[in-house]
Amino acid sequence: MNLFDVLTLVGGLSLFLFGMNLMGSYLEKSAGSSLKMLLSKLTSRKFLGFLTGMGVTAVIQSSSATTVMVVGFVNSGLLSLRQAIGVIMGANVGTTVTSWILSLTGLESGNFFVKLLKPSSFTPVLALIGIILTMVSKKERKKDIGMILLGFAVLMFGMETMSGAVAGLKEIPEFQNLLLMFTNPILGVLAGAALTAIIQSSSASVGILQALSATGQVTYGAAIPIIMGQNIGTTVTALLSSVGTNKNARRTAIVHLLFNVVGTVVWLVIFYGINAVVQFAFVANPIDQLGIAVVHTAFNLLCTALLFPFSGLLEKLACKIIPDTQAPDQIQILDERLLATPAVALSRCTEVAETMARIAMDAMKTACASVKNYDAKVAQAVRETEDEVDQYEDMLGTYLVKLGGSDLSGADSRQAVKLLHLIGDFERISDHAVNVLESAEEMQNKGLEFSEHAKKELSVLTAAVGEVMDLALEAFLNNDPVRAAQVEPLEEVVDTLKEQLRTRHILRLQKGECTIELGFVWSDLLTNLERVADHCSNIAGCVIEMSHDSLDVHGYLDNVKGGSLSFREAYEAYARKYALL
């Protein structure tokens, strides 16, 4: 093996790692909706968590990415430690898919159809399709598929290049002695763990071992402990990601480590204990790519079978290693670790925005009720809610800006823009809730009270505003443009009601039925209620326009108010419903 072979090996390794990273990134991007669906299935049932972890890892081709996501979920309070254990076990099994794909490079047969399964036969075709889709197609989905195919082609080309470059190693005695050294179980485990910890991917390190097996010098005796060690090395990623997290998130990373260490120790002792008695003949035989895939899968399945019934003990052990303290755990609602998986991070942003929307709308309804029946404790709760909504806006705005720098799909990018646009409206609604509350407090402190006529008129307006808030909230939560279309006609009715109530109040002033002081409070209430309806109109307009891949809310409102028949019919129906007596 000369210098040029070494350079070829380095180049092949670089292409292999780059192809794996490229394919994984675009698989993750394309599978955004699938990831959301799989992760939404997470429950307290361990087996369902196991299937979810296996499915997510099989989709994104990275157990490290899955475990980092799980740490982020636990840190955000979305998953309990117990739920996370099942997902982690599933991720370990899901990562074996890659080794089976890579094992295709070892296929050798004179049969035409078997040759077609060999990557060197079909990879050039995939690369051609990939480059055509990437360069010619204008649809983002097809471009992403093209990048996945190119990533796969580069991955397989790198694998073939590595296998070819190391072929000469079989003639080098030093290489044979090195592999003979790894037949020592402890050294083999340490070597596998170290390699995986360095490159932060068990799939990649297994691929490298499969490439080396092309020399014919890697035996089962050397490969088995190395594969076991690779499972330990992959835990480094989760351990690093848990730095700075709460106790349960750190415990999740510890469980991942314990699962792989305990599984490795137990099955290593069992295997070599039986081998000492039986003397397995295959241990000294060369292992090929397919054999490595079989061992990798068998080991992970055996570890899961061994420890799945004892997941509760793993949880208790992790709690012993990281004990509880008097300081309460801090839940990080939007964990930056999730940014590594943009589709999942965006899904979490949507959930937080939905919580923010509900809180803001409830605060406004509570404030309106306080005008009739003021309560100091309720008033304090509204103020605390407004502070909470402000924090949500700051947090979501910052997080969404960071997320905007990620490689999002077109649909996800539009969703991020929509959320950035809407959180300001939700925050303003909570501000108006405090303004309405202050009007109620002024009336309470000064002993002011509206006339019976004024109370009835105000109840009509607050009912109309309550319905427009419900419509806007439902349209946002369900992303329902049909529901959103009902908002603008009702908002127009609210505008009309505001002017009618203002006019009626002036008439009462002229008749001496109301005071100037109450007039200021009345005007403030009308203004705040009308502006809440305006923000609901913005929310509904955004939902409708984003369903058309646009964000021209003002253009939408202008078109709607242009006199369409459906708008006029809806407006007249709402006008009758909220007519003043």
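Which residue has its charged end over the ring of Trp522, and how far from the ring centre does it sit? Arg508 does, with its charged end 5.5 Å from the centre of that ring. A charge counts as over a ring here if NZ of Lys or CZ of Arg is within 6 Å of the ring centre and within 35 degrees of the ring normal.

A note that goes for every view: this is a predicted model, so local features need pLDDT of at least 70 and side-chain atom pairs count only at pLDDT 80 or more, while totals for chains, interfaces and linings use all residues. Residues are numbered from 1 along each chain as its sequence is written, and side-chain values use heavy atoms, with hydrogens and water left out.

**Figure 1. The whole chain, before zooming in.** The protein chain has 26 helices and zero strands; both are DSSP runs numbered from the N terminus, with helices being H or I of at least four residues and strands being E of at least two. Of its 581 residues, 51% are buried. For burial, read under 20% relative accessible area as buried, over 50% as exposed, and in between as partly exposed (1.4 Å probe, protein chains only). Among contacts with a separation of 6 or more, 81% are between residues 24 or more positions apart, where a contact means heavy atoms within 4.5 Å. The chain exposes about 26,000 Å², and carbon and sulfur atoms supply 62% of that. Those areas come from the Shrake-Rupley method with a 1.4 Å probe, and for residues only the protein chains shown count as cover.

**Figure 2. Glu315 meets Arg82 in a salt bridge.** The N to O distance in this one is 2.9 Å. The two partners belong to distant parts of the chain, 233 residues apart: Glu315 is in helix H17 (residues 311-321) and Arg82 in helix H5 (residues 81-94). Glu315 counts as buried because its relative accessibility is 14%. A salt bridge here is a side-chain nitrogen of Lys or Arg within 4 Å of a carboxyl oxygen of Asp or Glu, and a search of the whole structure turns up 15 of them.

**Figure 3. Arg504 and Glu457 bridge two helices.** Their side chains form a salt bridge at 3.3 Å, N to O. Arg504 comes from helix H23 (residues 487-510) and Glu457 from helix H21 (residues 452-478), 47 residues apart. Glu457 is buried, at a relative accessible area of 7%, whereas Arg504 is partly exposed at 27%.

**Figure 4. Glu449 pairs with Lys455.** This salt bridge has an N to O distance of 2.5 Å. Glu449 counts as exposed, at 54% relative accessibility, and Lys455 is partly exposed at 30%. For a networked case, look at Glu442, Lys446 and Glu517, which are linked by salt bridges.

**Figure 5. A cluster of rings built from Tyr220, Phe271, Tyr272, Phe280 and Phe282.** The structure holds nine aromatic pairs. One is Phe271 with Tyr272, an edge-to-face pair at 5.0 Å centre to centre and 90 degrees between the planes; both residues are buried. Phe280 and Phe282 make a tilted pair, at 5.4 Å and 35 degrees. Phe280 is partly exposed at 26% relative accessibility, and Phe282 is partly exposed at 32%. Rings of Phe, Tyr and Trp (its six-membered ring) pair if their centres lie within 6.5 Å; planes under 30 degrees apart count as stacked, over 60 as edge-to-face and the rest as tilted.
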